[in-house]
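Subject: Structure for you to look at

Hello,

Here is the structure I promised to pass on. Please open it and keep it on screen while you read.

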Amino acid sequence: MNFFWRTGMVLVGMLTVVIVLWVITGPSWLDLSWVMPDNVASTFGPTLDNLWLVILWITGIVFFITEITLVVFLLKYRNREGRKAEYSHGNNKAEVVWTVIPFVVVMALAFYSKGIWDDIRDPDRIPAGAYPIHVMGAQFEWSATYSGADGQFGTTDDFESLNVLHIPVDQPVVVQLEAEDVIHSFFIPEFRIKQDAVPGMSTPVWFEATATGEYTLACAELCGLGHYRMGGTVVVHSEADFQNWLAEQQAQAEAD
Amino acid sequence: MSTTAATETHTGHAEGHHDLGFIRTYIFSTDHKMIARQFLFVSLLFLLVGGILATMVRWQLGFPGQPMPLGGMLPDTMAPGGIILPEFYNSLVTMHATFMVFFALMPLQAGVFGNLLIPLQIGADDMAFPRLNMVSFWILPVAGIIMLASFFVEGGAAGAGWTSYAPLSSSGEWTGVYMGQILWLVSLTVLGFSSILGAVNYVTTVMNMRAPGMTWFRIPLATWSLFVTAWLLLLAIPILTGGLILLTFDQTLGTAFFRPEGSGEPLLWQHIFWFFGHPEVYILILPAMGFTSEVIANRSRKPIFGYHSMVIAMVAIGFLGWIVWGHHMFQSGMNPLLGMTFVVTTVVIAVPSAIKTFNWMGTLWRGNIHFDTPLLHAVAFVSLFIIGGLSGIFMASAPVDIYIHDTYFIVAHLHYVLVGGSLFGIFAGITYYYPKMFGRMMNEGLGKVHFFLSFLFYNMAFFPMHNLGVQGMMRRIYDPNQYEYLQGLQPMNTFISISVFLFAATQVIFAFNFLWSLRAGKEAGRNPWKSNTLLWATPSPPPHGNFPEMPIVYRGPYEYSHPDHDEDFWPQDDPPATSGSGGQPAASPNPELVPGD
């Protein structure tokens, strides 16, 4: 059997194993998607998905070029009767090329990322009129505190919402994140937002939902034995609904 | 045999190398080659422990809430009725990573190959400090036993992740793990001394004990990689040790270095941990890069492409590794204005990695590639390191990291670097240097079967993890089905789990081949791979004192297929006179350098 037959048989064998296990366990082809899920619901979500796509294209092209070249070299320069390798210690021009090009590409990516990062995380760029909510992470629940009618936290008309974060649509919201016991991480996958909540610190994180509905709130930092079930819901209301909900809660809080 | 004759006639090195008796030879040995073998056996055992823990983690994720086969043997505090408890799951995740990182990958590279290769590749008769070397090894099993013992104390083993973020790790009240966490801290503190003693030895030996003619730029790349690694160990491990001691104080004395009550600072732990932790990442892969370079040059019968840039790239990685730690902390609450600093340093470190990758490919280019098992593993290293490197660019971009941080995308990335990279590099190293360590070849057929199955199952297990991360699946969660949006991923998780089991089962082939070849492998002779480095100028295994005569180095380590030389290799210690010019018969290489039968 020659080299190509043997290699081909190994490849066919491998592919068969993959297909058999795939059929037995039955994942969906969609699960292999490399683009961000089509569920984004915040203002900077599409920007992040787009940056993801840019990096995916760059790394994808590099991936295919390098891996295919590697395979071609392996096939083409395999040992055969009477061959002798070329005696070469390298090539300085090539070294310069493959130092400079990656450097330029990754630096371009870094500075492209900087603009986006600053828009999302620079404390000075948090929109001035953002609606404030305090969120406290504790083993194993999220509690959101709203300021009540007076717009001040720490007053008697504050009220809380456990594991459900109510926010208005199309309006920036700034969450002041704190943690009571250990580090938790405030993760809303559909909003593409994640920020650790650290005990002893108060970290602002802002976002603006673009569609009403219910979204997932998760904890993304190992926080103890109940970490896996420290989930909650984000309910995005229309402006009118949100005002109604606030009024309802305030009335209830006063009644208590 | 000519070997023994040479040893006897030679006086300079042989003195003091009399028979040492069983205990001094096999247990409390100060011979670097024996210590390398001791490291090899012990760290392979810990690799097995880490692997078993991994399969248990994957059982829970692949078949959540179902009784694990043989799980009935576990006590009710871990898995009542074979069903893994959430707190035990956290311990499994923590201990899997701890064993793999600290007890398998580190000793398998720095411990085994630092000891084996450094003296032999630079032409030294042993390490600079043989007794420290012995202590360095014996700390490993002691620390390992402490770590293993933590499974059996009340509250179970540490469960705060291998990164042990405070305050979760700083007090048992948050995890229910008191003694287990303290044993974790003590074990790693103790283990740190093993690395420090080893590193002192490696640095001193490379700097002071090179054979005549072994200039810095004639040192083989494996030794270069271990030299850079030794510096990283020497400087990084004390930082971890300092942090571990402070955390132990928080746990036991009620101090508040990392706890907010008492004005401690949880982020300080993360800064300390990752200031150690990022150099650690390179400690875990530089030696594998070294073996890969040796194997690819040798099996392509071609000089390494760009030797100098390979060395400079490793030194550059060694430096840059110190200023990138903040990329683990983009979402930690660290001042966001620092983010950009770490984005820039992090993407810059991609450049030396790219240089190395292109140079490996340049070495294969126009080579004469022999597809032996070590070459297959080395090429797998390159191809998988490309994936691990490219996936790193996603998370190096701080805004992209917002979404993928703490998801399976990170898990996929780190396993592409540490399994696809380090472990395949280690397999390349073990299969390539096995004949020198034990005097016999490993079985080539079994080696190839092990390689192809490992490569297949490895990719089946870890490649789809990228996609789980894209879907937003968090790492370290006991049961993803708690989240509605992750429930659809269960079939993929089952696929991954079965692939992991198959990958683990494949390692039985390796274990069998490894053990069986000790007795039954083909005799290797001195230089079965027709290699140039001084290592292969010694008998296999080398005698105490290594070199019958002090070797003299005439040329670089990668003079393969030299046009003025008839053989396609030209050992570093081969005197120029025998190179085929003048009246000497052209094709008369030193007979001892030809593989024996």
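Predicted model: local features only at pLDDT ≥ 70, side-chain atom pairs only at ≥ 80, totals over all residues.

Look at chain A. Five of its strands make an open sheet. Read across, the order is β4-β10-β9-β6-β7. The pairing is mixed. In general, strands of a sheet pair through backbone hydrogen bonds, and they can run parallel or antiparallel.

Which strands stand at the edges? They are β4 (164–168) and β7 (193–197) of chain A. Each has a single partner strand, so one side of each has no neighbour in the sheet. From one strand to the next, the twist averages 25°.

Now find β9 (residues 213–219) and β10 (residues 232–237) of chain A. These two pair in the antiparallel sense, over five bridges. Within this pair, A:E214 of chain A stands opposite A:V235 in β10(A).

A helix also packs on the sheet: α4 (residues 239–255) of chain A. Helix α4 touches β4 and β10 of chain A. Its direction makes about 130° with that of β4(A).

The two chains
How many residues of chain A are in contact with chain B? The count is 86, and they meet 90 residues of chain B. On the chain A side, the elements giving two or more residues are α1 (3–25), α2 (45–76), α3 (92–121), β7 and β9. Helix α3(A) gives the most, with 16 residues. By class, that side of chain A has 48 nonpolar, 22 polar and 16 charged residues.

Best wishes

Key:
Residues numbered from 1 in each chain as written. Chains lettered and ligands numbered in written order. Pairing = 2+ DSSP bridges. Helix = DSSP H or I, 4+ residues; strand = E, 2+ residues; numbered from the N terminus. Axes fitted to C-alpha atoms, helices over the stretch in contact; angles between N-to-C directions. Contact = placed C-beta atoms within 7 Å. Nonpolar A, V, L, I, M, F, W, Y, C, P; charged D, E, K, R; others polar.
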